[in-house]
Amino acid sequence: MANAWLYDGRSGTRHDVAVAAGADGLLLHFADGRVEEVAAASLFHATDRDGALVYGRSGREGWRLGLLPPVPADVAAMLPAERRYGSWIDRVGLVPALAALLLASGAVLGAGYLLPGALAPHIPASWEKRYGDAIVGDFGGKFCRGPGGAEALQKLARRLSPGYADFDIRVVDVPMVNAAALPGNHIVIFRELIAEADTPDELAGVLAHEIAHVRRRHVTEGMIRELGVGLVITALGGTTGGNADMILGSRYGRAAEAEADADAIAALRAANISPLGTARFFTRMGATERKLGRLGAAFSYLSTHPLSDARRAKFRASFDPNRRYTPALGRDEWEAIFNICFNDPAKRAARGQPRALPPAAR
Amino acid sequence: MIDDNGASAPEHSPPSSYDGVSPSDGGTAFRFTGTWTEYLPIALTNLALTIVTLGIYRFWATARTRRYLWSRTHFADDTLEWTGTGLEMFIGFLIVMAFLIPFLLFFQFGFQALLLRGHWALAIGGLVAFYVGLFYLIGLATFRALRYRLSRTYWHGIRGGSDDAGWGYAASALGKTLLSVLTLGLLVPWTMTRLWNERWSKMSFGPHPFRAAATQRGLIGRWLLLYLTPVIAIPLVAGLAFAVGPRGGMSEGGILVAFAVVLVLYLLILLVSLAYYAKFYRRAIGATALGPLDLAFTARSSDWLRLIGGTIALIVLTLGIGLIFVPYRNWSFFIRHLEATGDIDLDMLTQSTARGATDAEGLASAFDVGAI
């Protein structure tokens, strides 16, 4: 016999009972002599409190039996196992469960890392185009349309990517030093990036980098990652899942950036454009970042294109001193791009007069 | 007051059968007897399992934490019991997400496209509709979370709950939020106490309904203080900083002074809002009764300050690991300051007939709102 208390779940009255093992269940002996048999199979471990092991009974809401130690072996043998971490984790044990779950989540993250790359080539270009057009639209009327600018950008793109230059390259009248490849072959260059570039060679490196993102379908991969895998992991996993996804995303981003840089270097070489311009641009951006501090640079080129010495060195190392490079664009074409927002009649009122080219281009 | 390790817990030798209990007989009706050494293994294994499941275990972790905290919470002659499960919370969350995600996706991309294409009226209309819907759902989530927690809390084998689904409460909460905005926040003490009364009056435990009759009396002064702090303090602190601080726009010193100004302001607002919320909870819980029981909450601003200061110190000193103790600290704080007076007739404390909540806290965990 074990001493126990009982709540029947119908009223708050507490009954003291003595518990014995029956044929296939527990026999509860009440103080008034009543005996009730409870099938062992209907019992489940609920909790433990005040030193008592507390059991519930399926189908009887609020029914609780608190067994006070010592519990005789024949009664203990009828009791269900204790609940701790959750059903199957209790069965296999904590350490094996941790190991198995670690493997499983590693596999999920691995799939999240590899899946976008595998799926991207199978996304029809027309879908991506429609999605990209819907997102970009006319950028709220912020495209700069100075005469000759679009043609000059297109010419540079054809030189950097012969045979495939189906890009919509736009300069946007937004005061940011940045450039981005968007879904549907859209490449946008923000106004201040053009202003920061001293020569067309500097712009060529940045443009070649964005073209590589488009041609390698990094944009499509990024879209799948954000919308598909990232969303599922973040939604299900809350903060922890979000953190894992963020680390994964930044790893993924670094890999894509390195790939785009390698392509850009190759494209500059094939087009016979000096890579020193790009290296110089990176150096100047690094100096600006140090001047503004990290906070000021949060929205600039470097926030989306993290700059490392290794990155700059790669461009510089690809320079061949014995080669005769040609400028990326002629002076008139470069001026058309440089002043694309200033020569635009629609923007002139806000922007003021066109500016003189920086000395390096003269 | 009872200390953390429950040293003053009376001997536990229940008589054979109860007819009734007077919770106030033995001093405070509520006691928390948990210890951090007991909770640590629970918290650490929860953390480990949450990490290796990329966060999905958090629902089961919450259930385990509550099962422990409730089991160490004594009311009168027995402890509470938490019967909610991780699985039901997970399923509740999935159901809510299945509704919310398409809505959020549609909004995110639709809004972006409308804005970029210059359809201002449509974009702003959509934004307004979105926020109206959001605030309605937050009200609903608050109500549902409270109902769920009561329906999974047992004492003497009896649980709480509500027969109301909260639709009306959510509409009322939305209306009062709008009213607060339109009156520039001046009605906040009124809307907060009214909503407290509205949601608690729809809850019950066993056969007994909760009754809440909180008023804004005594809250307005502290609310005005909180309301006026930024108005008075920003020019004052900024002026002082300029008088004392070094010259020069974005110099190192200038940034440091700006940082100090923001920090002082932040601390000031934190202190004043602590004072307001401390009084709000004393008033609100003090005006709440459950059947024959009158409730009271004794935490003063200084108690809240110690709780929050201690939590911050714990988190900083443990480099963040102390975060796993936040639920423990909050619950123990809540119970240590909760009091009840009155008699309960246990034979008359019959099982609740309120419908069991099936949606768990899905909506609340989707919006990250608390219950009380």
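How many bridges join strand 11 of chain B to strand 12 of chain B, and in which sense do the two run?

Analyst: Bear in mind that this is a predicted model. Four bridges hold strand 11 of chain B to strand 12 of chain B, and the two run antiparallel. Strand 12 covers residues 338–341. If you want a spot to check by eye, look at A296(B): the residue across from A296(B) is E339(B), in strand 12 of chain B.

Strand 11 of chain B, residues 293–297, also pairs with strand 10 of chain B, residues 288–290. That pairing is antiparallel too, over two bridges. Here L290(B) sits opposite L293(B) of strand 11. Strands 10 and 11 of chain B form a hairpin with two residues between the strands, and G291(B) takes a positive phi near 50° there. So much for the strands themselves; as background, side chains in a regular strand alternate between the two faces of the sheet.

Now step back to the chain around them. Chain B has 11 helices and 13 strands in its secondary structure. Of its 372 residues, 37% are buried. Take the contacts in chain B between residues at least 6 apart in sequence: 71% of them join residues at least 24 apart.

What about the cores? The largest nonpolar core has 76 residues, and F59(B), L140(B), A141(B), W196(B) and Y276(B) have the most contacts inside it. Helix 4 of chain B, residues 120–151, provides the largest share of this core, with nine residues. There is also a second, separate core, this one of 53 residues, with A152(A), M223(A), L268(A) and A279(A) among them.

Over in chain A, helix 12 (residues 331–338) has W334(A), E335(A), A336(A), I337(A) and F338(A) as its buried residues. Their cover includes helix 5, helix 6 and helix 7 of chain A.

Finally, the place where the chains meet. The contact draws 45 residues from chain A and 41 residues from chain B. On the chain A side, helix 8 (218–270) is one of the elements that supply at least two residues, and strand 1 (2–7) and helix 3 (94–119) are others. Helix 8 of chain A gives the most, nine residues. Sorted by class, the chain A side that touches chain B has 19 nonpolar, 17 polar and nine charged residues.

How values were computed: Residues numbered from 1 in each chain as written. Chains lettered and ligands numbered in written order. Predicted model: local features only at pLDDT ≥ 70, side-chain atom pairs only at ≥ 80, totals over all residues. Contact = placed C-beta atoms within 7 Å. Nonpolar A, V, L, I, M, F, W, Y, C, P; charged D, E, K, R; others polar. Pairing = 2+ DSSP bridges. Core = buried A, V, L, I, M, F, W, Y, C linked by C-beta atoms within 7 Å. Buried ≥ 20, exposed ≤ 12 C-beta atoms within 10 Å, placed from the backbone.
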